Amino acid sequence: MNSALLLLEIQNDYFPNGRIPLEKSTETSTKAQHLLHAFREKKFPVIHVQHISTHPDASSLLPCTKGAEFHAQVQPIKNEIIIKKHSPNSFKDTQLLNTLIKNKINHLIICGMMTHLTVDATVRAAHDLGFTCTVIHDACTARQLEFNLSTIPAQNVHHAFLAALQANYAYILSTNDYLQKIGARTGETIAAA
C-alpha cells in the first residue's frame, strides 16, 4: 500500500491560550510530531490539513490569525502538501481527493484534532471513497461535549468515536505500535537518543 500521513487541524487555537483548547493537545501534538519525523525520515508523503473558519459566527480558526496557524511542533516544510478546508470533512470542497489520486495514495495514516469532528468525518469519507484508514489514537484528541443537560468528558468522547470507527471504518493503533510496524524509531527510542 502507498501510505500518506494526514495531519488534521493541528492548529494553535486548540492549544493552551488558544480560543478552544482541547484536553491533552500538547501530548497529542508530540505524538503527531513523532509520526511526522518518521514519515520525513522515510520520505513518505505528508499532508497537512488546515481548517479556516468561514462561518459568520465563528470565533476560532479565523483567517489570518495566529490561532489558525499550524502548531510549532508540526510546521509544514517545503514539498509537504497543505490542504485548506472549511468544514469537518477534509474532502468536502478541497483538493484532497485529487491530491491522493495523483500521488497514488490508497492508505491514510490519520491524526489530529478533533476526534469527534474532523477525524471522524474525514475517516468516514475516506473509507467511503475506497481508502484504507489507520487512526493513531494517541495522536488525536477531543473536547468535552454536552447533550441533554449531561456533560460528556473529553476522554469519553474520544473513546466513543474511536470505538465507532474501529468497528467498520479504520484500524486504530497507538503511535508507538504504528512506528514499530513501519520500522521507525518510537517515542521511547527518540527520547533515549
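Strands β1 and β4 run parallel and are joined by 6 bridges. Helices and strands here are DSSP runs, helices being H or I of at least four residues and strands being E of at least two, numbered from the N terminus, and two strands pair if DSSP finds at least two bridges between them. The model is a predicted one, in which local features need pLDDT of at least 70 and side-chain atom pairs count only at pLDDT 80 or more, while totals for chains, interfaces and linings use all residues. Residues are numbered from 1 along each chain as its sequence is written, and side-chain values use heavy atoms, with hydrogens and water left out.

How buried is β1? Burial here means under 20% relative accessible area, exposed means over 50%, and partly exposed is what lies in between (1.4 Å probe, protein chains only).

Strands β1 and β2 run parallel and are joined by 4 bridges, with Leu6 standing opposite Ile47. Between these two strands the chain passes through helix α1 (residues 25-42), and this β-α-β crossover is right-handed (with the strands pointing away from the viewer, the path from the first strand over the helix to the second runs clockwise). On to the next pairing: β2 and β3 are parallel over 5 bridges, and Val49 stands opposite Ile83 in β3.

Some of these residues turn up again in the core. A nonpolar core is a set of buried Ala, Val, Leu, Ile, Met, Phe, Trp, Tyr and Cys residues joined through side-chain atoms within 4.5 Å. The largest one has 48 residues, and Leu5, Leu7, Leu108 and Cys111 touch the most other members. Contact means heavy atoms within 4.5 Å. Leaving aside neighbours within four places in sequence, Cys111 is in contact with Leu5, Leu6, Leu7, Leu8, Ala32, Leu35, Ile136, Ala139 and Cys140.

Helix α3 (residues 115-128) has 14 residues and reaches 18 Å from its first C-alpha to its last. That is close to the 20 Å expected at 1.5 Å a residue, the expected span being 1.5 Å times one less than the number of residues. Buried in α3 are Thr115, His116, Thr118, Val119, Asp120, Thr122, Val123, Ala125 and Ala126. What covers these buried residues includes β1 (3-8), β3 (81-85), β4 (107-113), β5 (132-141), β6 (145-147) and α4 (154-168). After α3 comes Gly130, whose phi is positive, near 100 degrees.

Helix α4 also holds His158, which is buried with a relative accessible area of 10%. Not counting residues up to four places away in sequence, His158 touches Thr115, His137, Cys140, Thr141 and Ala142. The C-alpha atoms of His158 and Met114 are separated by 8.5 Å, although the two are 44 residues apart along the chain.

Most residues other than glycine have a negative phi, and most peptide bonds are trans. Met114, in the loop between β4 and α3, is joined to Met113 by a cis peptide bond with omega about -20 degrees. Asn17, in the loop between β1 and α1, has a positive phi of about 75 degrees although it is not a glycine. Leu61, in the loop between β2 and β3, likewise has a positive phi, near 50 degrees. Asn17 is exposed, with a relative accessible area of 83%, whereas Leu61 is buried at 3%.
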